Amino acid sequence: MESVRTIPQKQIYKAIIEAIGQIYCQSTPETKSLLNQALAIEEDDVAKDMLQAMLLNEELAAKEQLPICQDTGIVIVFADIGTETKIENGTLYSIVSEAVNDAWGKYYLRDSIAEEPLRYFSNPQKKSKYYSQPVILHLSEILGNKLELHISLKGGGAENCSTLKMFNPTATLTEIEDFIIDTVVSAGGKPCPPVFVGIGIGGDFEQCAILAKRALMIPLPDSEKKPEYLQMEKRILNKINQKGKGVQGFGGKTTALKVNILSQPCHIASLPIAVNIDCHAHRCISISV
Ligand code: SF4
């Protein structure tokens, strides 16, 4: 068994600020490579133009240290915390929240969170109806004394096109795949395609949605996937792209860049399927603290 490791609050705080500093102005290296691949096979002039514009935007945002998109997103953190890991001074949530809020100030990012989700109930007397970024934090236990943080700045446009359906366990593979494909294709240009598609299969209602988001941010390596799921991902990706919605919904060969599935056991009476979409400004990073 690994020895207990105590991580100072400052170390986590600093690591998060640096991580956000890396991703607000650029998507993942894989995203850039997939956008380049999409450009290389594209024949439609409008789609080509837009892919070139996306790549130029990537380049300029990174160079000028400006947000890659005006929607700087809601902050999602998956924290995998070791059984032998101790955190000094405060809860992980309080440290992550403080770091995220300070990062927002440091990098001049847009406050994108409505304090009151039903805007009709907002207090008009309050100076600001919006406040800096509360964080969505998902905690998982891992063996050992590590702390791994997977951070995403998730835009609202893509999140809005995500969905979950409780299928009957007798549903066919075709019915399930059609639901996923239809979710992505019917979204048109709203999630700013080309998109990433995270799919959760199994668990229960809320766990399935979390699986779909984790599939977007922390996909399993292909070598660890069941061949059946690997084939399903490829089939869904091809079918989505064959529908021709294309870049920003204006047509072309690439609507989705990647499809990732995560699955979990579920109740014999249930078959939850969740689809979580992320846009081409796919801002994710994984760090070990
Ligand atoms: S969906 Fe993505 S690219 Fe589109 S506005 Fe939102 S964050 Fe920006």
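Leaving aside its neighbours within four places in sequence, which residues is His280 in contact with? Before selecting them, bear in mind that this is a predicted model. With His280 picked out, display Ser27, Thr31, Leu35, Met54, Glu58, Cys192, Pro193, Pro194 and Gln248, which are the residues that His280 contacts once those sequence neighbours are set aside. His280 itself is found in the loop between strand E9 (271-278) and strand E10 (283-288), and because its relative accessibility is 12%, below the 20% limit, His280 counts as buried.

Next, show the ligand and select the shell around it, which consists of Cys69, Gln70, Asp71, Gly155, Gly157, Ala158, Pro191, Cys192, Cys279, His280 and Arg283. Colouring this shell by class gives 5 nonpolar, 4 polar and 2 charged residues.

From the shell, go on to Cys192, which is among the residues around the ligand and is also one of the contacts of His280. Cys192 lies in the loop between H6 and E7, and its phi is near 55°, a positive value in a residue that is not glycine. With a relative accessible area of 31%, Cys192 is partly exposed.

Now select Pro193 and Pro194, both of which are listed among the contacts of His280, and look at the peptide bond that runs from Pro193 to Pro194: this bond is cis, with omega near 15°. Pro194 is placed in the loop between H6 and strand E7 (195-202).

For another positive phi, move to Gln65, a residue other than glycine whose phi is near 55°. Gln65 sits in the loop between helix H3 (45-64) and strand E2 (74-82), and because its relative accessibility is 45%, Gln65 counts as partly exposed.

The last stop is a pair of helices. Select helix H6 (residues 173-186) together with helix H8 (residues 227-242), whose axes come within 10 Å and cross at roughly 45°; H6 and H8 are therefore oblique to each other. Viewed as a crossing, the passage of H6 over H8 is right-handed. To see how the contact is made, show the side chains of Leu173, Ile176, Glu177, Ile180, Ile181, Val184 and Val185 on H6, and those of Met232, Arg235, Ile236, Lys239 and Ile240 on H8. Coloured by class, this contact of H6 with H8 has 9 nonpolar and 3 charged residues, with no polar ones.

How values were computed:
Residues numbered from 1 in each chain as written. Predicted model: local features only at pLDDT ≥ 70, side-chain atom pairs only at ≥ 80, totals over all residues. Heavy atoms only, no water. Near = heavy atom within 4 Å. Nonpolar A, V, L, I, M, F, W, Y, C, P; charged D, E, K, R; others polar. Axes fitted to C-alpha atoms, helices over the stretch in contact; angles between N-to-C directions. Helix = DSSP H or I, 4+ residues; strand = E, 2+ residues; numbered from the N terminus. Parallel < 35°, antiparallel > 145°, perpendicular 65-115°, else oblique. Left-handed = near helix turned anticlockwise from the far one by under 90°. Contact = heavy atoms within 4.5 Å. Buried < 20%, exposed > 50% of the residue type's maximum accessible area, 1.4 Å probe, protein only.
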